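This briefing is meant for someone meeting the structure for the first time. Please look through the sequence and the model shown here before reading the notes that follow.

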Amino acid sequence: MVEIIKPIAKLDQIRSLLDESGLQVSDISHVHCPLFFGIQSDSCLIAVIGLELFGPVGLIRSLAVSKAHRGNRLAHQLVSFAEHYAAERGVDTLFLLTTTASVFFQQLGYEQVARSDVPQAIRTTSQFSSLCPASSDVLSKRIAGG
Ligand SMILES: CC(C)(COP(=O)(O)OP(=O)(O)OC[C@H]1O[C@@H](n2cnc3c(N)ncnc32)[C@H](O)[C@@H]1OP(=O)(O)O)[C@@H](O)C(=O)NCCC(=O)NCCS
């Protein structure tokens, strides 16, 4: 079933879902707020993805699905949505860091890259520079230009 994916502005709901999913929330504030998109059920946020865009490159972050709703392809739908959203805004390559879901993203066409190959704009994000451990896998996917 294809769910309705909407921009999400309620930071308390986002933080709560990320926190219960074991993901970092410390850089999310009204001062620094990535784009967030999510799926709601009965007004509750059950799945979320974050996106930071820097011209031709972008960072996917904060992908989480509440435990009760996992295994229903919600994460797949959110990643696909984020890729289309970014591509429509001129992004050609997406990056992400993960300690938990490399295989998940590899199945969606993401490939591991060396940190030295990551563009400067992505390196300056808090996810890259401080929040995600140095041991995190860095993956990327070209989403435009075939
Ligand atoms: C990873 C996560 C977002 C997947 O959400 P989901 O909605 O259950 O995933 P989907 O239903 O779209 O996809 C399910 C498929 O992905 C696989 N999968 C799910 N999590 C996975 C992981 N961490 N690593 C590898 N594969 C994974 C499942 O085995 C299933 O495979 P199948 O299609 O062969 O049966 C969810 O488990 C989660 O929120 N985890 C905690 C936060 C996290 O680790 N986020 C990712 C890092 S940013």
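**Overview**

Strand S4 is mostly covered, since 9 of its 9 residues are buried, where buried means under 20% relative accessible area, exposed means over 50%, and partly exposed lies in between, with a 1.4 Å probe and protein chains only. Helices (H or I, at least four residues) and strands (E, at least two) are DSSP runs, numbered from the N terminus. This is a predicted model, in which local features need pLDDT of at least 70 and side-chain atom pairs count only at pLDDT 80 or more, while totals for chains, interfaces and linings use all residues. Residues are numbered from 1 along each chain as its sequence is written, and side-chain values use heavy atoms, with hydrogens and water left out.

**The sheet**

- S6 pairs with strand S7 (residues 137-142) in the antiparallel sense over 2 bridges, and Glu111 stands opposite Ser140 in S7.
- S3 and S4 run antiparallel and are joined by 7 bridges, with Val57 in S4 as the bridge partner of Phe54.
- These two strands, S3 and S4, form a hairpin with 2 residues between them, and Gly55 in the turn has a positive phi of about 65 degrees.
- S4 and S5 run parallel and are joined by 3 bridges, and Gly58 stands opposite Leu94 in S5.

**Helices on the sheet**

- Gln77 is found in helix H2 and is buried, with a relative accessible area of 17%.
- Leaving aside neighbours within four places in sequence, Gln77 is in contact (heavy atoms within 4.5 Å) with Met1, Val2, Glu3, Ile5 and Asn72.

**Strand S5 and Thr93**

- S5 is mostly covered, with 6 of its 6 residues buried.
- Both faces of S5 are covered, as Thr93, Phe95 and Leu97 on one side and Leu94, Leu96 and Thr98 on the other are all buried.
- Thr93, found in strand S5, has a relative accessible area of 14% and is therefore buried.
- The side chains of Thr93 and Asp92 are joined by a polar contact of 2.8 Å; a polar contact is a pair of N or O atoms within 3.5 Å, where within protein one must be able to donate a hydrogen and the other to accept it, and residues adjacent in sequence count only if both atoms are side-chain atoms.
- Apart from neighbours within four places in sequence, Thr93 is in contact with Pro56, Val57, Gly58, Ser140, Lys141, Arg142 and Ile143.

**Two serines with positive phi**

- Most residues other than glycine have a negative phi.
- Ser43 is not a glycine, yet has a positive phi of about 70 degrees; this residue is found in the loop between S2 and S3 and, at 60% relative accessibility, Ser43 counts as exposed.
- Ser62 is likewise not a glycine and has a positive phi of about 55 degrees, but Ser62 lies in strand S4 and counts as buried at 7% relative accessibility.

**The ligand**

- Around the ligand are 17 residues, of which Leu63, Gly71, Arg73, His76 and Thr100 come nearest; a residue is near a molecule if one of its heavy atoms lies within 4 Å of it.
- An oxygen atom of the ligand is 2.6 Å from an N or O atom in the side chain of His76, and an oxygen atom of the ligand is 2.7 Å from an N or O atom in the side chain of Thr100.
- A backbone N or O atom of Asn72 lies 3.3 Å from an oxygen atom of the ligand.
- The protein covers 69% of the 900 Å² of accessible area that the ligand has on its own, with areas from the Shrake-Rupley method and a 1.4 Å probe.

Key:
Pairing = 2+ DSSP bridges.
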